Every structure is written in C-alpha cells, then in structure tokens.
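Biologist: I would like to learn how to read a model like this one with care, going feature by feature. Could you give me the general idea each time and then the case at hand?

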Amino acid sequence: MRKIKIGVDVEGVLADIHTPFLEKISKTYKMDVNLEEITNWNWGILGKKLKKKGVEVDNFYMEWSSKYWENCWKEIPLVEKDSPSTLKELKRIAKIYIVTHRRNVESVRNWLNYQGFEHDGLIYVEGVPKLEVIDVDLLVDDNPALSTSANHRRRLLLYDRPWNR
C-alpha cells in the first residue's frame, strides 16, 4: 500500500518565527504587541499600528526574518513543542515533506535537524502557490489564501493561527 504524502509548511506551522519578530518590534518601536494582533495574512491590527509609525511591516518582516534565519536559526522556537514527535509518529504511515519558501534552505535544514524533525525531504517553493507545484496528498499550512482554491481544497489542512481565523 502506498503511503500518503504530507507536506508541512515551516513558518507558522513548525517554526514560530513570529514570536522573535514581535520581540524585535517591541524593542525597536517601544510598543506592546502580541500574536493575536496579526488578525489577517496582511498583518491586520499589527500592520495598522506599525503603519502609524511609518513602518511597512511586509518589508520589515522579510528583511528581518531573512537575517534571523541566516544568523539566529537556533533561537527560533517551535510553534508546538511536540511537533517533532508528532511528525515522527506520522512518518509511520506517511511520507513527510517539509515545505519552505525561505531561500536560505540550509538554515531551514539546520533548524529542522536541530529541533529533531524526521522527514522524507525538504521542498523549496518560490513565487507560486504551493499546492500547484508540490506533489503531496495533503498540505498543512497556515496561509488562508490557499484555502480559497476550489481545485485544491481537499488537499489543504489549514493550521489554526490568529491570521487565518
């Protein structure tokens, strides 16, 4: 019997890059922020708060997170502390592929190894919807935009985060 192929997104599903990002915002802009203020994929309340301070959050996040992944990958916490053991358990019945849009794939690979993730491969995807280019039966992701594709709804498990509720 063929094993089901499951793709699992890194940021927001496995790696909690948002907590250190919020800490950076808090220190840099002297403001109280929390994860629940990221109320949609476009940063929601947090984006509005930063815009008032003249900060374009998308650009700030992409620049900061790229450097953080490159230099501080060991400091990136898990979204769920038991996710490495959960994926290990799933590997008994499925092939597990980790999916990332991070160009610095080596830092992601190092982080996955450091955290103890077992998987069958790391897939880099850039610039296109993940469900259109990866060959998996199910994708676990936190991007709500992926759920609007009628052709792919059956293949997406939307991981619950404040920005996709």
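**Reading the aromatic residues and their surroundings**

Modeller: One aromatic cluster is formed by Phe21, Tyr29, Trp43, Phe60, Tyr61, Trp64 and Tyr68. This is a predicted model, in which local features need pLDDT of at least 70 and side-chain atom pairs count only at pLDDT 80 or more, while totals for chains, interfaces and linings use all residues. Residues are numbered from 1 along each chain as its sequence is written, and side-chain values use heavy atoms, with hydrogens and water left out.

Biologist: How many aromatic pairs does a search of the whole structure find?

Modeller: Rings of Phe, Tyr and Trp (its six-membered ring) pair if their centres lie within 6.5 Å, and planes under 30 degrees apart count as stacked, over 60 as edge-to-face and the rest as tilted. The search finds ten such pairs; one of them joins phenylalanine 21 and tyrosine 61, edge-to-face at 4.9 Å centre to centre with 80° between the planes. Because phenylalanine 21 lies in helix α1 (residues 18-29) and tyrosine 61 in helix α3 (residues 57-72), this pair ties together parts that are 40 residues apart in sequence. Helices (H or I, at least four residues) and strands (E, at least two) are DSSP runs, numbered from the N terminus.

Biologist: Is phenylalanine 21 buried or exposed?

Modeller: Buried means under 20% relative accessible area, exposed over 50%, and partly exposed in between (1.4 Å probe, protein chains only). Phenylalanine 21, at 0% relative accessibility, therefore counts as buried, and tyrosine 61 is buried as well, at 7%.

Biologist: Where does aspartate 120 lie, and with which residues is aspartate 120 in contact, leaving aside its neighbours within four places in sequence?

Modeller: Contact means heavy atoms within 4.5 Å. Aspartate 120 is found in the loop between α5 (105-115) and β3 (121-124), and, with those neighbours left aside, it is in contact with Lys91, Ala94, Lys95, Ile96 and Tyr97. A polar contact (a pair of N or O atoms within 3.5 Å; within protein, one must be able to donate a hydrogen and the other to accept it, and residues adjacent in sequence count only if both atoms are side-chain atoms) joins the side chains of aspartate 120 and lysine 91 at 3.0 Å. Aspartate 120 counts as partly exposed because its relative accessibility is 32%.

Biologist: Which residue in β3 is the bridge partner of valine 99?

Modeller: Two strands pair if DSSP finds at least two bridges between them. Four bridges join strand β2 (residues 94-100) to β3, and these strands run parallel; the partner of valine 99 is isoleucine 123.
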